[in-house]
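Please look at the structure first, then read the points below.

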Amino acid sequence: MVDFTLTDEQQAMREMAHDFAEKEIRPVAWEYDRDGTWPEDILKKAWELGLMNNHVPEEYGGAGLGYLDGAILEEEIAWGCSGIGTSMSCNGLATAPVLLGASEELKKEYVGRLTEAPLLASFCLTEPDAGSDVSGMKTTATKKGDKWVINGSKCFITNGEYANWYTVFAKTDKDAGHRGISCFIVPRDAGVVVDKHEDKMGQRASNTATISFPEVEIPLDHLVGEENKGFKLSMMTLDRTRPGVAAMATGVSRAAMEMAANYAKERVQFGVPIAMHQAIQFMLADMATKVHLSRLAYMCSASLLDQGKRNTLESSHAKRFAADSAMEVTVDAVQVFGGYGFIKEYKVEKLMRDAKILQLYEGTAQIQRLVIARETLLPRQ
Ligand code: COS
């Protein structure tokens, strides 16, 4: 039987996250967006409340929440601000390959750091010449004596300027395509260099940086999983984190829908609130449907993970639909506001700028379609 009723614990967690989004995030979100302020104060409060690293198993100091639990929290936080939400959830992305493949010692040392203190970790996959085409990466890891030496540059790295350690994917066999990629943990103090802070269109309170590894030496045991098996680890990671991005997209859509509905009830044209005009009602109806279906899609893909099942197809369905919907809903929300929607004072324009990255990071809308097409044409047995 399919049951979408939240448990009492899930409802309580959702209320707590909503309260945090309403009282701690929203009051500063538009100011932090304008100035590109790093939300350190909010991250610390979130960490203290257990709103960060909640996916980490109890043996490494986390709450050991399930994927569905985590996604429900991500929707609420993104309703407050998806930029701050992206910074809050990035530890989940960086630790996913570690929890999947690393030795017990590495998990205790590095995942443990994040639960012992409000520290951050970053996930380094993308490179200037290797975005959608992961196998095209040029960063290398070479064994020299009792060290791995990492050389290369990674871009669009969330929390890159502030991370304590990095999950880094690098070529260990340059001629083997996707079968020549390995995954490593690189501590910041091993010599990681922050090259560039990005000035972004949206989600401006999240930090995005270009990071380089100039002959950075790390111990041999900092390899995560098996040598040359990193590509699969990166794909399995994205299967686990894309439902969370879909949940964030749902939060952004919901925020935009609420703003548009409230405005439509107040704004009078032709003698009645514009909410009385069917043209506006149909836009609001489409927004509501998109919010509803985005939520069902992320819940389904996260629930499969909680059941230990592969969710590649459902994860791409959710990420693709919820992100495209967030873009459409926020554009329409600005439309409901008319000319005022274009003015920053009315706040709704931030959501439209924030939504764009949801169609780009953790796999573009086109990559999601590619995965969906492959899984549909050649279904797994
Ligand atoms: N889980 C487990 N294994 C997977 C997998 C998954 N979800 N997806 C692919 N694999 C495996 C395949 O089974 C194949 O295994 P073999 O080596 O045994 O043959 C291998 O990985 C290669 O798969 P594939 O041939 O599909 O690789 P492609 O190079 O064609 O790449 C896409 C596939 C395009 C889907 C992948 O590169 C991708 O997701 N790109 C987007 C990356 C991204 O999201 N970047 C954002 C950065 S994070 S902010």
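A search of the whole structure finds 23 salt bridges, a salt bridge being a side-chain nitrogen of Lys or Arg within 4 Å of a carboxyl oxygen of Asp or Glu. The model is predicted: local features need pLDDT of at least 70, side-chain atom pairs count only at pLDDT 80 or more, and totals for chains, interfaces and linings use all residues. Residues are numbered from 1 along each chain as its sequence is written, and side-chain values use heavy atoms, with hydrogens and water left out.

**Salt bridges**

- Arg254 forms a salt bridge with Glu76, with the closest N and O atoms 3.0 Å apart. This pair links distant parts of the chain: Arg254 sits in helix H6 (residues 230-266) and Glu76 in helix H3, 178 residues apart. Helices (H or I, at least four residues) and strands (E, at least two) are DSSP runs, numbered from the N terminus.
- Both Arg254 and Glu76 are buried. Buried means under 20% relative accessible area, exposed over 50%, and partly exposed in between (1.4 Å probe, protein chains only).
- A network of salt bridges links Glu75, Glu76, Arg254, Glu258 and Arg295.
- Lys154 forms a salt bridge with Glu127, the closest N and O atoms being 2.9 Å apart. This pair also links distant parts of the chain, 27 residues apart: Lys154 is in strand E3 (residues 147-158), and Glu127 is in the loop between strand E1 (121-124) and strand E2 (140-144). Both Lys154 and Glu127 are buried.
- Asp354 and Lys350 meet through their side chains in a salt bridge (2.7 Å, N to O). The two are four residues apart in helix H9 (residues 348-358), so about one helical turn separates Asp354 and Lys350. Asp354 and Lys350 are both buried.

**Domains 1 and 3**

- The domain assignment gives domain 1 (8-116), domain 2 (121-228) and domain 3 (231-377). Such bounds come from an automatic or database domain assignment.
- The centres of domain 1 and domain 3, taken over C-alpha atoms, are 20 Å apart.
- In domain 1, 26 residues are in contact with 29 residues of domain 3; contact means heavy atoms within 4.5 Å.
- About 2400 Å² is buried between domain 1 and domain 3, and carbon and sulfur atoms give 63% of that area. Buried area is the accessible area (1.4 Å probe) that two parts lose on being put together, summed over both.
- Trp30, Tyr67 and Glu75 supply 30% of the area that domain 1 buries against domain 3, more than any other three residues.
- Four salt bridges cross the interface of domain 1 and domain 3.
- Ten residue pairs are in polar contact across this interface of domain 1 and domain 3, both residues at pLDDT 80 or more. A polar contact is a pair of N or O atoms within 3.5 Å; within protein, one must be able to donate a hydrogen and the other to accept it, and residues adjacent in sequence count only if both atoms are side-chain atoms.
- On the side of domain 1 that touches domain 3, helix H1 (8-35), helix H3 (67-80) and helix H4 (82-101) each supply at least two residues. H4 gives the largest share of that side, ten residues.

**Cysteines**

- The count of disulfides is zero, where a disulfide is a pair of cysteine sulfur atoms within 2.5 Å.
- Cys124 has its closest cysteine sulfur in Cys90, 8.8 Å away, which is too far for a bond. Cys124 is buried, at 0% relative accessibility.
- Cys155 is in no disulfide, and its nearest cysteine sulfur, that of Cys124, is 10 Å away. Cys155 is buried at 7% relative accessibility.
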